[in-house]
Amino acid sequence: MSTDNPTTAVDDADTDVDAAELQALRERVEKLEESMAAVDTGDDQKKMTIVATQGSFDMAYPPLILASTAAAFGWEVVVFHTFWGLDILHEEKSKDLKLSAVGNPNMPVPNAVAALPGMDTMATKMMQKKIDENGTATIEELIDLSLESGVDLQACQMTIELMDYDEDDFYDGVTTGVGAATALQHMAESDIQLLV
């Protein structure tokens, strides 16, 4: 026995509702149910926005690793690159990012030594060697993985103009021409917002 459309006898003497009004009411209820079903899509997809502001070798990894991992979990991910973080997406500059030895509390040398000429290059080469030995993905590989996973890697338009970059300088698949207002809108809709 179905309970979807229960039928009840309507005694005309007991009610002032005519058949046309009843049918119109049923149609309104049906439309409301349809609109509610459209609103409640059951879409539980999480959203994450990462703002990448630093373009050093070691700081290129966190936003790309977090973004590609979140995308692997099915999240909608945007990484908004601004100021020095834009160099991560710049095809030429990303291949020459340096690890800063000065002011890094985890460097095994004092700042006075870290400030010597060539220390950034040496620190970068040491880190690259560790990455190679460990089999860790390169920055370029992480960019490719992120794009393939559906991560929206965005380049801040104001910073592109400020740094006098050309939109063709960035990796294929990078979204250019994005302003702060667009980034803020996605942040407002995101479950997680990170500043790196």
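Reader: What is the relative accessible area of Lys98, and how does that class this residue?

Author: Happy to. Residues are numbered from 1 along each chain as its sequence is written, and side-chain values use heavy atoms, with hydrogens and water left out. This is a predicted model, in which local features need pLDDT of at least 70 and side-chain atom pairs count only at pLDDT 80 or more, while totals for chains, interfaces and linings use all residues.

Lys98 has a relative accessible area of 34%, so this residue is partly exposed. On this scale, buried is under 20% relative accessible area and exposed is over 50%, with partly exposed in between (1.4 Å probe, protein chains only). The side chain of Lys98 meets that of Asp96 in a salt bridge, 3.0 Å from N to O. The term stands for a side-chain nitrogen of Lys or Arg within 4 Å of a carboxyl oxygen of Asp or Glu. Side chains of opposite charge can pair when their charged atoms come close.

Searching the whole structure gives 3 salt bridges. Another one joins Lys129 and Glu133 at 3.8 Å, N to O. Both of these residues sit in helix H4, 4 residues apart, or about one turn of the helix, and both are exposed. Helices (H or I, at least four residues) and strands (E, at least two) are DSSP runs, numbered from the N terminus.

Then there is the bridge between Glu189 and Lys47, at 3.5 Å from N to O. This pair links distant parts of the chain, with Glu189 in helix H7 (residues 180–189) and Lys47 in strand S1, 142 residues apart. Glu189 is partly exposed at 40% relative accessible area, and Lys47 counts as partly exposed at 21%.

Lys47 leads us to S1 (residues 47–52), which has 5 of its 6 residues buried and is therefore largely enclosed by the rest of the structure. S1 pairs with strand S2 (residues 76–81) in the parallel sense over 6 bridges; strands count as paired if DSSP finds at least two bridges between them. S1 also pairs with strand S5 (residues 192–195), again in the parallel sense, over 4 bridges. Val51 has a bridge partner in S2, Phe80, and one in S5, Leu195.

Stepping back, 5 strands form an open sheet in the order S4-S3-S2-S1-S5, with parallel pairing. The edge strands, S4 (175–178) and S5, each pair on one side only. S3 and S4 pair over 2 bridges, and Gln154 has Thr175 as its bridge partner in S4.

Helix H2 (residues 57–72) carries the chain from S1 to S2 in a right-handed β-α-β crossover. Right-handed here means that, with the strands pointing away from the viewer, the path from the first strand over the helix to the second runs clockwise. Buried residues of H2 include Phe57, Tyr61 and Leu64. The buried residues of this helix pack against S1, S2, helix H4 (119–134), helix H5 (139–148) and strand S3 (152–156), where contact means heavy atoms within 4.5 Å. Just after H2, Gly74 takes a positive phi of about 90°.
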